[in-house]
Amino acid sequence: MDAIYFYTLAGEEVFVHIEHGICRLTFDRKCPDVCFVSTLIVNESSRQHGIGKQLLRAAELIAKRKCCNRVSLQVENNSWKKEWYKREGYDVIADGYDEGMIIMSKEF
Ligand SMILES: CC(C)(COP(=O)(O)OP(=O)(O)OC[C@H]1O[C@@H](n2cnc3c(N)ncnc32)[C@H](O)[C@@H]1OP(=O)(O)O)[C@@H](O)C(=O)NCCC(=O)NCCS
């Protein structure tokens, strides 16, 4: 697993790579306690083999090392992914702001 760090005007972006997937974490220097999983994708042919979970956990480790105490993300409300994130320790913290979408968050 590799992590590539990019510095941006707003903060930092980290791309966590694994052979069949990628997770992007966004850090905003105005909110140092929280970071956002803005992309999490596993190649279609490699899904359901635990890669998504590995990527998410690696991203959380990076967030902890950067002293964030929360990871947040946006996901479709009526989707199996909501339960998937719940099993990984995420709670719904906001809904109704964007049709069909919710914000979920995990605190360390
Ligand atoms: C979401 C995503 C990253 C999951 O990656 P993955 O490697 O397939 O997931 P994992 O193998 O780690 O997790 C498998 C679990 O998810 C569940 N799952 C995976 N695909 C599913 C599907 N199509 N329908 C229902 N459940 C599904 C399985 O029940 C399994 O649960 P278990 O481990 O408790 O048995 C992947 O489906 C993906 O890239 N989707 C498209 C992009 C996307 O929607 N990203 C999320 C944006 S918030």
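Student: At about what angle to β3 does α1 run?

Tutor: Residues are numbered from 1 along each chain as its sequence is written. This is a predicted model, in which local features need pLDDT of at least 70 and side-chain atom pairs count only at pLDDT 80 or more, while totals for chains, interfaces and linings use all residues. Helices (H or I, at least four residues) and strands (E, at least two) are DSSP runs numbered from the N terminus, and contact requires C-beta atoms, placed from the backbone, within 7 Å. With axes fitted to C-alpha atoms, for helices over the stretch in contact, and angles from 0 to 180 degrees between N-to-C directions, α1 lies across β1, β2 (11-18), β3 (21-28), β4 and β5, and its angle to β3 is about 25°.

Student: Which strands stand at the edges of the sheet?

Tutor: Strands pair if DSSP finds at least two bridges between them, and the open sheet of seven strands, with mixed pairing, has the order β1-β2-β3-β4-β5-β7-β6. Two strands have a single partner each, so one side of each is left without a neighbour in the sheet, and these are β1 (2-7) and β6 (91-98).

Student: Which residue of β7 is the bridge partner of Gln74?

Tutor: β5 and β7 (residues 101-107) pair in the antiparallel sense over seven bridges. Within β7, the bridge partner of Gln74 is Ile103.

Definitions and conventions. Contact = placed C-beta atoms within 7 Å.
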